[in-house]
Amino acid sequence: MQLPLGYSNPNDPRVCKLKRSIYGLKQASRQWFSKLSTCLLYFGFLQAKSDSSLFIRKSTNDFIAVLIYVDDVFIASNTLTALNKVKQYLRTTFPIKDLGNLKYFLGIEVARSAKGIVLCQIKYALDILADSGFSGAKPVSFPMESTLKLSTHDASPSLSDPAFYRRLIGRLLYLTLTRPDLSYAIQTLSQFMSNPHTMHMQAAERVLRYLKATPGQGLLLKADSTFHLKAYSDSDWGGCINTRRSVTGYLVFLGDSLIS
């Protein structure tokens, strides 16, 4: 930082008082994203309507996708030439550091092979088990019984520490990003976070025991998959005993890869 004119006397004992706004404006993050998105749009990218942090650029032979999370930028392309052009363009505008191939991001581990890309959260799952005290629990083969019907007016006692249940379900919700096999169980348990009972906690503990049996399970995005979009859905008419509404489930595949 340079002193302004009139304060450059070395014998002057006064100091500059830095205001809080100098360290970081409240709008700094918004301005950073505005500048970065403006540069990408100028380079020919189009901002996705469903996700403002996703930018896509398509040409006759190239496809490039750029995903932004705070100050982390992820670039994916079908050709190395297009990938290098984007990185070179960003270097002319921002001081960036190339970390190479994506391996770990926000608890999601990425592994590549000739068959495709595997996404899993094994470290995140093991951390949940360790923090919950279920690292040595007896594993089970499925997360929830198909005949189990949980209710908000359960006859079992309320939990003395409902905060633990809420933290646990919140962490498990993030795990469903790569574990669709847990989606139904976690979605069901999340309905009782306002007033959890002992029966709800027992059902959550069974999910943890299932997680103990399958900590490394994840999603495989196949390399030779087609771009044919398929979707399957099913519903249980009046299956919810609290609202008497139907419970609907769905799966969406891009080729043979599960994406939602």
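1. Strands (E, at least two residues) and helices (H or I, at least four) are DSSP runs, numbered from the N terminus. By this assignment the protein chain has seven helices and 11 strands, and strand β3 (residues 63-69) contains Tyr-69.

2. This is a predicted model, in which local features need pLDDT of at least 70, side-chain atom pairs count only at pLDDT 80 or more, and totals for chains, interfaces and linings use all residues. Residues are numbered from 1 along each chain as its sequence is written, and side-chain values use heavy atoms, with hydrogens and water left out.

3. Of the 260 residues in the protein chain, 29% are buried (under 20% relative accessible area; exposed is over 50%, partly exposed in between; 1.4 Å probe, protein chains only). Contacts are heavy atoms within 4.5 Å; of those between residues at least 6 apart in sequence, 58% join residues at least 24 apart.

4. Helix α5 (residues 162-175) has 14 residues and spans 20 Å from first C-alpha to last, close to the 20 Å expected at 1.5 Å a residue (1.5 Å times one less than the number of residues). Its buried residues are Tyr-165, Leu-168, Ile-169, Leu-172 and Leu-175. They cover an arc of only 105° around the axis, so they lie on the same side of α5; the arc is that of the directions from the helix axis to the C-beta atoms.

5. What do the buried residues of α5 pack against? Their partners are α4 (122-132), α6 (183-189) and α7 (198-213).

6. Tyr-69 is partly exposed, at 40% relative accessible area.
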